[in-house]
Structures are given as structure tokens and as C-alpha cells.
Amino acid sequence: MVQTDSFRHSKRRPRNTTGSLLLLLAILMVFPFIASQFGNSWVRIMDVALLYIMLALGLNVVVGFAGLLDLGYIAFYAIGAYTAGLLASPQFGAVLQSFVDTYPDLGNFLVSVFGPNILANGIHLSIWLIVPLSALIAAFFGALLGAPTLKLRGDYLAIVTLGFGEIIRIFMNNLNAPVNITNGPQGINLIDPVRIFGVTLAGEPGSGSMVRIFGFEMPSVNAYYFLFLLLCMAIIFISIRLQHSRLGRAWVAIREDEIAAKAMGINTRNMKLLSFAMGASFGGIAGAMFAAFQGFVSPESFSLTESIAVLAMVVLGGIGHIPGVVLGGVILAALPEILRHVVEPLQQSLFGSVLIDAEVLRQLLYGLAMVVIMLNRPSGLWPAPRHEDRPDFNKESSGGAGGGLSADHLAQPAAGVVAAKEA
């Protein structure tokens, strides 16, 4: 009888799961149409949240699956964004002109290779060519970061990855002399928006940022919302397939005990490099989308606090659990903006005046919520239901884990994002 009930329950579970996913998808599909009734700013907030979800899912491959603490993950976001900035804007023409002015022989040779038209207007590749290229370049730099850190664990690995992230940001901030590649602190602007079947998602000039697709008209932020939602679904599908593949199980084995994994014949070196490269490729894709969405990139968007914020999304949502990571991304990306619109009206209704500045109170409530969550649910808001799919936070030392993953290592940067976010 017990076996029969268990069998029936196991047969019902996929149907219930499918129904829940379909219901969630239906809610997400109608959300922008409902939210736009209260202003396009709410849809734009969700656009940014979806970009953060892509980043969090990529970092989850490194931290959640392989157990490698990475505090420089935002560097791959920057690499993807600047790749799009160089290849989909007039900036490449400025780079050629800078070569001509600084190194005339080399510059004239490059002009003869690329042509005077590119010198005048820059390169304007399709975003659908730039996205895979950004993923490949970011994956290359991910493997480049992973190669010298193969024997590092815990705090040492965190310091090295933190330094890598800062190196990339400083390079982007200073590569404007003697050859102007990134335009330095001024950033790159006039980046081409996404085009689908010849339709620009930024809206045609004079349309008021309205996009007409297949006879339907919608605001630009709504069009980008559906594109980002589609990309998030694709990344979630890939992450699920990775988690349940032999590669994913190898990463989990390294996370739990690297020495035992190596003794069982797992090539820990290649597995770590693959985790860095795979996670970095997701960051490159998100960066390219960010550049096309904003139309502008600058080094200020890729600071250390952004890396810590993405790590906080993974940890507070549920490290190693894909739905939990998505939940953490939505909450930590959207909650500050929601509080921005709530704290002042709430004080007016309760006290008749604003007692505490909205920005200060918003950060206070944001930080307090994170501290309470970490104290009461150290495994995250939505941890993996199976124990083997989530890290063991009861380990006293980092000797067994592949990346020295522990509650102390993760809770400190997660809490630190509160103070650093507005620094």
C-alpha cells in the first residue's frame, strides 16, 4: 500500500510541477502589461532584475555547483558589455583613429584592413553575432582566471578573484591612452539597440519609444522584458541540464570534497576550468544585453559592490538551487527600488512628515532584511530540497571543499553589500 501511494505521488509530481511552471510563466507574461499601467519604471526595474538573474545563474555555476568562491564575477559582465560597446557603436572608428594618430604606420595598416568606412562610422555588428562572441571572450577570460587559481581555496581564492575583477575595471577605466580603446571613465555611448527581424527594440525615432512587432505596439521596456525573459529561460534550461549531467555531478563532488573527487578519477583541474568558463559565458551574455539595453557602458557599472550584490543573490536565494537563485535575484534587484517608492509615503501616513531620509531608510531596511534572513535561514530563502544538492554548512574547515565554501565565507560578503552598495 505504501509503495502504491508513493508511486501515485511520484506520478502526480511532474504534473503538479508542470502546472506550477505554466502558471508562473503566465504571470510573467502578463506582468509588464499590468505593471505598465502604473508607469514604465516598474517594468524597467524588472528588466534590470532579469539581467541580475542571468548573472546570478552564471555565478551559481561557479559558487553553487563547483564551490569556488568568486568575488570578481562582475568582470565578465564588463567584458561582455565592452565587447558590445566596441562592436556595435562608433567607438571602433575612434580606436582606429587613435592608432593612426599615435602609431601612424600601424594605424594606416589597420585602416587598409578594415576600410575607411569603419574608420568614419565604426563597426555595427548584429547583436546576435555579438552575444555568442561575448560569451566566448568571457569564457576565455574565465578559464584564464581559473588557471592560476587551481590550487587555491577559500579566502585565498576569494582575494585572487577579487583582484581580477578590480584589474578588469581599472583597465576599462584607463585604456584611453596612448590608444583610446575604452574611452576611459567617459564610457562608450551610442551603442546600437537590439534588432529583431529589422525591428529595433528601442523604438523608431519619433515613436516615443514604442515598438511595433507583428502589428502589436508596446513600450520599449516591455519588448526588452520579453527578450530578457526568454534569455533567462534559456539559461535556466542550460543550468538544469548541467546540474543533472555528469559534469554537474563532478562539480558537486569537487565542492564537497576535492581530494575524494580526485581519488575517484575526476579531473579536478579541467572541471574547475570548465566551471569558471561556463559561469563567465553567462556573465558575458548578460553584459552584451546590458550594453544594448542601456546604450551606454562605463566602468562605474562594474565595481566590486556589484560582484558582492550578485553573490548575495546566490547565497540569500539558496546556493546551488536554481529556483532559489532566481528568487534571490528578483528580491535583491527589485526590493531596493520598491522601498524607494514606499518609505516616504509610509512615513507621511504614519507620522505626517518624513523623519528619516528616504535613501537612508531604504538602505537600513534593505540591510536589516538581509541580516534577518541570514540569521534565520543560513541555507537561503529557498534551499535545494535534496541535501546532496546544497553545500554542507556544518563543515568546520575548508580542507574538504573544493573552494573552501562555508557559511562564514559567504555570509560576510552578503552582509557587506549593504554598507558598500551606496558607498
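Q: What makes two aromatic rings a pair?
A: Rings of Phe, Tyr and Trp pair if their centres lie within 6.5 Å. The model here is predicted. In it, F31, F33, Y225 and F226 form one aromatic cluster.

Q: How many aromatic pairs does the rule give?
A: The count comes to 15 aromatic pairs.

Q: Why is the pair of F76 and F164 called tilted?
A: Planes under 30 degrees apart count as stacked, and planes over 60 as edge-to-face. The rest are tilted. The planes of F76 and F164 stand at 40 degrees, so the pair is tilted. Their ring centres are 5.8 Å apart.

Q: What makes F76 and F164 a tie between separate parts of the sequence?
A: F76 lies in helix α3 (residues 74-87). F164 lies in helix α8 (residues 154-174). The pair therefore ties together parts that are 88 residues apart in sequence.

Q: Why do F76 and F164 count as buried?
A: Buried means under 20% relative accessible area. F76 has 1% relative accessibility, so F76 counts as buried. F164 has 13%, so F164 counts as buried too.

Q: Why is the pair of Y77 and F290 called tilted?
A: The ring planes of Y77 and F290 are at 45 degrees, so this pair is tilted. The centres lie 5.3 Å apart.

Q: Which parts of the chain does the pair of Y77 and F290 link?
A: Y77 is in helix α3, and F290 is in helix α12 (residues 268-294). The two residues are 213 residues apart, and the pair links distant parts of the chain.

Q: Are Y77 and F290 buried or exposed?
A: The cut-off for buried is under 20%. Y77 has a relative accessible area of 6%, so Y77 is buried. F290 is at 11% relative accessibility, so F290 counts as buried.

Q: Why are α3 and α8 called roughly parallel?
A: Angles under 35 degrees count as roughly parallel. The axes of α3 and α8 cross at roughly 30 degrees and come within 9 Å. That makes α3 roughly parallel to α8.

Q: Which residues make the contact of α3 with α8, and what classes do they fall into?
A: From α3 come A75, F76, A78, I79 and Y82. From α8 come F164, G165, I168 and M172. By class, the contact has eight nonpolar, one polar and no charged residues.

Q: Why are α2 and α13 called roughly perpendicular?
A: Angles from 65 to 115 degrees count as roughly perpendicular. Helix α2 (residues 40-65) and helix α13 (residues 304-318) pack at an angle of about 75 degrees. Their axes are 9 Å apart. The two helices are therefore roughly perpendicular to each other.

Q: What makes up the contact of α2 with α13?
A: Helix α2 brings Y52, L55, A56, L59, N60 and V63. Helix α13 brings E306, V310, L311, M313 and V314. The residues divide into nine nonpolar, one polar and one charged.

Q: How do you know whether S239 is buried or exposed?
A: S239 is found in helix α9 (residues 220-243). The relative accessible area of S239 is 1%, so S239 is buried. Leaving out residues up to four places away in sequence, S239 touches L57, F65, F282 and I322.

Q: Why is L190 called exposed?
A: Exposed means over 50% relative accessible area. L190 has 60%, so L190 is exposed. L190 is in the loop between β3 and β4 (195-196). Phi of L190 is near 60 degrees, a positive value in a residue other than glycine.

Q: What about F197, buried or exposed?
A: F197 has a relative accessible area of 76%, so F197 is exposed. Its place is in the loop between β4 and β5 (199-200). F197 has a positive phi of about 55 degrees, although it is not a glycine.

Q: Where is the cis peptide bond from A177 to P178?
A: This bond is cis, with omega near -5 degrees. P178 sits in the loop between α8 and β3 (188-189).

Q: What are the totals for the protein?
A: There are 16 helices and eight strands. Buried residues make up 48% of the 423 residues. The accessible surface comes to about 20400 Å², and 67% of this surface belongs to carbon and sulfur atoms.

Terms used: Residues numbered from 1 in each chain as written. Predicted model: local features only at pLDDT ≥ 70, side-chain atom pairs only at ≥ 80, totals over all residues. Heavy atoms only, no water. Axes fitted to C-alpha atoms, helices over the stretch in contact; angles between N-to-C directions. Helix = DSSP H or I, 4+ residues; strand = E, 2+ residues; numbered from the N terminus. Parallel < 35°, antiparallel > 145°, perpendicular 65-115°, else oblique. Contact = heavy atoms within 4.5 Å. Nonpolar A, V, L, I, M, F, W, Y, C, P; charged D, E, K, R; others polar. Buried < 20%, exposed > 50% of the residue type's maximum accessible area, 1.4 Å probe, protein only. Areas by Shrake-Rupley, 256 points an atom, 1.4 Å probe, with all protein chains shown as cover. Phe/Tyr/Trp six-rings, centres within 6.5 Å; stacked < 30°, edge-to-face > 60°.
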